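Let's take a friendly walk through this structure, beginning with the ligand and its surroundings. Keep the picture in view as you read.

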Amino acid sequence: MPTIFSQIVDGEIPARVVYEDETTFAFLDANPLAPGHTLVIPREEYERLNDVPDEVATDLYETIHRLVPAVEDAVDADASTVAFNNGEAAGQEVPHVHCHIVPRFDGDGGGPIHAVAGETPDLGEDELDGIAAEIESRA
Ligand code: 5GP
């Protein structure tokens, strides 16, 4: 069963499309957190960021890079929060990679990206060193 976003790409579900090219696609979120809230997706379905092939990841970033200023300018925003909910535990509801571009305005009452996690961990120097080494060895 294609995801709801694939159905949008295929024109089976209507959406306010703001950009499309060979590999990427962007449209307004149906439940905007702010005017101009835009979703940028790869045309093909990949559930998580780590499933996206390198070439498509490059295209996806190019489209995000192009749309962030377009979205901000269109709604006269002061800034934007640009983020992926990457996996269910992080709040991803649609299993088709999508980048949220949420326009932000001075005094809009929203929080920074730091507000998304739960309780912050109290990590010692050794633990931090260990975590950094684990990541470095996989990067
Ligand atoms: P997630 O929680 O997966 O990161 O975000 C999914 C987003 O998709 C939500 O912000 C939701 O409002 C948006 N969305 C869900 N269904 C539709 C739809 O049919 N059309 C559009 N334009 N956006 C949708």
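Start with two elements, α1 (4-9) and β2 (24-28): each supplies at least two residues of the shell around the ligand. Helices (H or I, at least four residues) and strands (E, at least two) are DSSP runs, numbered from the N terminus. With three residues, α1 gives the most to this shell. The model is predicted, so to speak of local features takes a pLDDT of at least 70, while side-chain atom pairs count only at pLDDT 80 or more, and totals for chains, interfaces and linings use all residues. Residues are numbered from 1 along each chain as its sequence is written, and side-chain values use heavy atoms, leaving out hydrogens and water.

How many residues surround the ligand? There are 16, and the closest are D29, N31, E93, H98 and H100; a residue is near if one of its heavy atoms lies within 4 Å. By class, eight of the shell residues are nonpolar, six polar and two charged.

Now look at the polar contacts (pairs of N or O atoms within 3.5 Å). H98 places a polar side-chain atom 2.7 Å from an oxygen atom of the ligand, and H100 has one 2.8 Å from a ligand oxygen atom. The protein buries 84% of the 520 Å² that the ligand exposes when taken alone, with areas from the Shrake-Rupley method and a 1.4 Å probe.

Finally, find D76, in the loop between α2 (54-75) and β4 (79-83). D76 is not a glycine, yet its phi is positive, about 55°. Most residues other than glycine have a negative phi.

Definitions and conventions
Polar contact = N/O pair within 3.5 Å; in protein donor to acceptor, adjacent residues only side chain to side chain. Nonpolar A, V, L, I, M, F, W, Y, C, P; charged D, E, K, R; others polar.
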